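Student: Please take one part of this structure and look at it closely. I would like a single connected account.

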Amino acid sequence: MNIGIIGLGSMGLNLAKNIISKKYKVYAYEENSVTNSDLKKNKVKDLFLTTSLKELLIKVISPRIIMLSLPAEKVDAVINELINFLEPEDIVADLGNSLYLKSIERDTLLNSHKINFLGVGVSGGPRGAKNGPAIMVGGSKEAWNKTKHIFEDISAKNDNQSACCFFGSAGSGHFVKLVHNGIEYALMEGIAEVSNILNKVYNLNNDEIAKKFKDILKTNSSSFLLKITSEIMNAKNDNDQYFLDEVDPVIGQNGTGVWAIKAALDLGVGIPSIYEAVSARSNSKNFKYNFEQNFNNKKYNPNDKCNEISIEKIIFFNFACSIYQGLNLINESNKWNFFDFKIEDIFKAWSAGCILQGRYLDLILKEFIIRKKIDPQFLYDLIKTNCPDQLKSIREFNSSAINMGITCPVLSSNLAYYDQMFSNHKIGEIIQLQRSFFGLHPIKDKEGKNNITPYWTKL
Ligand code: 6PG
């Protein structure tokens, strides 16, 4: 296949460099004149720039793969223009963060012109794009067979195995990517909450927190996100001031987390820690209010209390609960007749290059290989194997924060999610009876067989 790339922003340009480094010839088009003149000044060896879409399609002769690395809102317009120039059997691959439903729509449109489509989730940011990202693909099987070698060549490797996977029908690659991003939000918020509690409750300073996180990197709970946070914690600017004390707390988001929540709502799947993380981002515009509060200000002594608590296990517990929620969402999406995910493939795609990568995933995979399915028993066994006797200190860690008015929505929701499934309670029963009382909704006995008709159902 001959390769053309449209969009040379930070992702597109670095993907182009990566593809070129694997000895493919790449033509590219970028509509932004500032980026273009920059590229003319700082030439990239073997990257052939064209001045219009038409010229790109003259230079890249059929059979061709045209890769799009564009902001989500530009993809449709470019595809509509491309249709005029493409030939049957050409392939359009959308490498941006697109909504999976849009990928399904685009696949139908392009197929009606006999053009093949691939929706490709790419993770790892611009650095990953250049050195090897994780790649999640859905769309035409025929197109995948023709281009597999390109995606496998450029993707990150884990023990020589490519972190690159074809998941099936159109939309599946972008669906896995949006769940990846939802989990990414939950893990980021979880680490930030742990760090904040270590500081505000346990009195650890930035260097001490960085050290705690660095120590975890030596264990099986290590992860890319923890690694970058261990660096961020005590990084300073040129004035010897912590970036942490300088940066605006309002959190950005590109919408992929919201898409994950919408999909979960449509499927009737609970993903509370992902929801809390997205919600924290939306609420972060209010983070600047600093009202005086009169909480119990008694802090723990870091030297005794904190050392008793295994931060590694707290991190692992939270990662495991959030990952489980995401995997469960992917698993449940198989209810839709257009998806057919195999969970092993998700671990393969996330094994290297992506934001979720880390050794903690190997522990989760190990347990999945034993259980072979995503169900509550799998989560229960996973925590039992990897955090034996740790639940007490995980609870204590969360309570210590709540007692002092320190916010920890993701840590709390992970624990609440776990307890919802594995502790003894009668919440479902009460709500069913409430429904029956005021709405006369039919309710069943514990076995789900016989109807129960309490006295209030007789009007
Ligand atoms: C990845 C990331 C990436 C994400 C950006 C911005 O896997 O490489 O998920 O695709 O889109 O980092 O995300 P937010 O702006 O939503 O934080």
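Tutor: Start with the cover over helix H11: the buried residues of H11 are covered by, among others, helix H5 (100-112), helix H8 (172-200), helix H12 (272-283) and helix H14 (311-332). Cover here is contact, meaning heavy atoms within 4.5 Å. Helices are DSSP runs of H or I, at least four residues, numbered from the N terminus.

This is a predicted model: local features need pLDDT of at least 70, side-chain atom pairs count only at pLDDT 80 or more, and totals for chains, interfaces and linings use all residues. Residues are numbered from 1 along each chain as its sequence is written, and side-chain values use heavy atoms, with hydrogens and water left out.

Which residues of H11 are buried? They are Thr256, Gly257, Trp259, Ala260, Ile261, Ala263, Ala264 and Leu267. Buried means under 20% relative accessible area (1.4 Å probe, protein chains only). In general, an α-helix has 3.6 residues a turn, so residues three or four places apart point the same way.

Now the length. H11 has 12 residues, 256-267, and should span 16 Å at 1.5 Å a residue. The expected span is 1.5 Å times one less than the number of residues. The end C-alpha atoms of H11 are 17 Å apart, which agrees. After H11 comes Gly268, with a positive phi near 70 degrees.

Key:
Helices (H or I, at least four residues) and strands (E, at least two) are DSSP runs, numbered from the N terminus. Buried means under 20% relative accessible area, exposed over 50%, partly exposed in between (1.4 Å probe, protein chains only).
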